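Subject: Structure for you to look at

Hello,

Here is the structure I said I would hand over.

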Amino acid sequence: MIPVNPERFLNDLHALRAIGASGVGKGVVRPAYTAKDIEARDWLAARMQAAGLTPHFDPMGSVFGLADGPSLLMGSHSDTQPEGGWLDGALGVIAALEVARASKEAGGPAVSVVSFEDEEGRFGVTTGSAAWTGVLPEEKIADLVDPKGISLPEARAAMGGRLGDWVDPKQFTGFLEMHIEQGPLLDQTGGRIGVVEAIVGIRDMVIRFEGQQNHAGTTPMALRRDAFQALARFNTLINERFRNVVTPATVWTVGHVSLHPNAHSVVPGKVSFSMQWRDGDVERLKRMEALIRETAEEVAETMGMTLAFGSMLGVEPVAMDPTMRAALAMAAEEEAPGQWRHMPSGALHDASNMARLMPAAMLFVPSIGGVSHDFSEDTDEADLVAGLNVLARAVARMQG
Ligand code: HGY
Ligand code: MN
Ligand code: MN
């Protein structure tokens, strides 16, 4: 087992949490390319340097701490959702840093570290690692905009002269990511460790209905072409029609809605909303897409709306590497006998993209109450340390 230092690990986790602390609970606010995101990346680059790694920013702003020669790459992301938890992503980055420096101190296997940029998808879906692994074609990057219409290149300009070339993935023997589960399974079953079997696939696109903006007092209901009513009708129909396609593990979300002009006394003429769906089966994702497009077209037709679909982003479902999973399972049994399980990931992770380039695996620790993407996200520190120890055991085994 690599002799990791739990105190140093926890101290760095809390130091990172302080960069962009929301002031509500342990929450953080560090969306991609904001000042706090960049400050956190600069802090990480300095910690990587202090650990004897070579810091490097790639063209997207993902920050690497590179070991000399071939190495195992470990990490996650340090950007957050608009209302982020202190552990989503940050846990994997700091755990990677601790394993890398402890291994170097002990003359153990070479480990490099990465914090990918915009995993939380301010501009897309796991944007930084998707760009590096080719999931997101480079020519599409300039077209990406956030919900406020700011383009990725505009926002990325804040990183100034930090950005360097792409890192050559061939120097890495594999990718290992620790992450909070962000769901209820471990919390409800009393499990302490999850060894991830596979990560679901995702599809995400913006849909726009345009009707007729009008006076909320003088426009009879029968004459209205109300964009909110179109969204409401679409949502009712799609929930009914999905019943024949989905399983209890399938999820779909309308997370962002922009109504124009969003005023009490105006019949809304325009609505733009995000439609996101996830499942472990590619065919089911395709069937859901067909239903979404058909239903939106039917609503537009029957309610006198114009309809536009934004470009669709997605990542395919992916299985984790069996050899790395076996090392994690043995390490979990040593560290937390009988308190671990194999399990799927309903959340997307950078490991989804990394699995296209190299063997990839993930380890979960519990989320209290199964809550994440919320300021109240939290995990018992004893479970954080248990996860770190499992990584330390598994990496020694993998590189042994
Ligand atoms: O949405 C996700 O699954 C990830 O947490 N960004
Ligand atoms: Mn995450
Ligand atoms: Mn997240």
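Contact here means heavy atoms within 4.5 Å. By that rule, and not counting residues up to four places away in sequence, G191 touches L186, Q339 and P366.

This is a predicted model: local features need pLDDT of at least 70, side-chain atom pairs count only at pLDDT 80 or more, and totals for chains, interfaces and linings use all residues. Residues are numbered from 1 along each chain as its sequence is written, chains are lettered from A and ligands numbered from 1 in the order in which they are written, and side-chain values use heavy atoms, with hydrogens and water left out.

G191 sits in the loop between α7 (185–189) and β6 (193–199). Helices (H or I, at least four residues) and strands (E, at least two) are DSSP runs, numbered from the N terminus. G191 is buried, at a relative accessible area of 13%; buried means under 20%, exposed over 50%, and partly exposed in between (1.4 Å probe, protein chains only).

Now the metal site. H77 (NE2), D88 (OD) and H179 (NE2) coordinate the manganese ion (ligand 2) at 2.1 to 2.3 Å. Donors are N, O and S atoms within 2.8 Å of the metal (3.2 Å for Na, K and Ca); water is not among the atoms, so sites may look incomplete. D88 also coordinates the manganese ion (ligand 3), which is 3.4 Å from ligand 2. D88 lies in the loop between β3 (71–77) and α3 (90–105) and H179 in strand β5 (residues 172–180), so the pair ties together parts 91 residues apart in sequence. D88 is buried at 5% relative accessible area, and H179 is buried at 1%.

Regards
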